Amino acid sequence: LLIAFFAELLRMCESDVSENEVKKKTGVSQITAALDYVRLEYANNIRVEELAKASHMSETHFRRVFESYMNMSPMDYINLMRVQKACDIMKKTNDPMDVVAQKVGFTTTSTFNRNFRQLMGMSPAEWRKRPENYEQQLLKFDIHSEEGW
């Protein structure tokens with residue numbers, strides 16, 4: 001009887017551990033693979049479905065989790081990464097805007113201009129004349145951060 005009691009106690013402890021492990025895998029850690037994917041593949045055509053697969057979630061659940069932790073949609077995050085990379089390129093080169101747009105993954109210059117203006121509050125050409133605004137504009141984004149990020 002005592003052995004059966006200890007066996008049952010051990011099973012209960014094991015289930016508590018697995019529940020705690022599941023609870024620990026919350027927050028940004030659930031979408032880390034997707035964030036890494038965007039960081040590496042921003043210049044390519046990225047579909048949210050691919051990000052969900054990288055995170056081992058359905059697309060609907062991925063969107064919900066992503067938005068709850070990043071305070072923006074996955075596509076908004078992809079565009080933010082692209083605009084950040086465009087700013088880096090514009091700081092370092094004199095490439096024409098259509099070349100910058102292609103380098104960071106925008107299919108057309110007008111899409112690039114529209115997304116840039118939406119995120120930075122000015123056109124890429126205006127920004128290029130005043131890049132000191134770069135850091136101030138990026139501070140507006142409320143992205144959760146956890147240790148290690």
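In the predicted model, Glu59 has a relative accessible area of 32% and is partly exposed. Its partner in a salt bridge is Arg63, with 2.9 Å between the closest N and O atoms. Arg63 is likewise classed as partly exposed, at 31% relative accessibility. Both residues belong to helix H4, which spans residues 59-70, and because they are four residues apart there, about one helical turn separates Glu59 from Arg63.

The search of the whole structure returned six salt bridges. One of them joins the side chains of Asp36 and Arg39, with an N to O distance of 3.6 Å. These two residues are placed in helix H2 (residues 32-41); they are three residues apart, so the separation between Asp36 and Arg39 is about one helical turn. Asp36 is partly exposed, its relative accessibility being 29%. For Arg39 the relative accessible area is 44%, and this residue too is partly exposed.

A further salt bridge links Glu49 to Lys53, where the closest N and O atoms lie 3.9 Å apart. The cut-off for such a contact is 4 Å, so the pair qualifies as a salt bridge. Glu49 and Lys53 are both found in helix H3, formed by residues 48-54, at a spacing of four residues, or about one turn of the helix. Glu49 shows 33% relative accessibility and is therefore partly exposed, whereas Lys53, at 59%, counts as exposed.

H5 supplies the largest share of the lining, with three residues. The lining includes Met75, Asn79 and Arg82, as well as Thr111 and Asn115. Also among the lining residues are Ala43, Asn44, Asn45 and Ile46, along with Gly105, Phe106 and Thr107. Sorted by class, the lining of the second largest pocket comprises seven polar, four nonpolar and one charged residues.

How values were computed: Residues are numbered from 1 along each chain as its sequence is written. This is a predicted model: local features need pLDDT of at least 70, side-chain atom pairs count only at pLDDT 80 or more; totals for chains, interfaces and linings use all residues. Side-chain values use heavy atoms; hydrogens and water are left out. On a 1 Å grid over the protein atoms alone, a cavity is a set of points where a 1.4 Å probe fits but cannot get out, and a pocket is an open set with protein on both sides within 12 Å along at least five of seven lines; lining residues have an atom within 4 Å of a point. Ala, Val, Leu, Ile, Met, Phe, Trp, Tyr, Cys and Pro count as nonpolar, Asp, Glu, Lys and Arg as charged, and the others, Gly among them, as polar. Buried means under 20% relative accessible area, exposed over 50%, partly exposed in between (1.4 Å probe, protein chains only).
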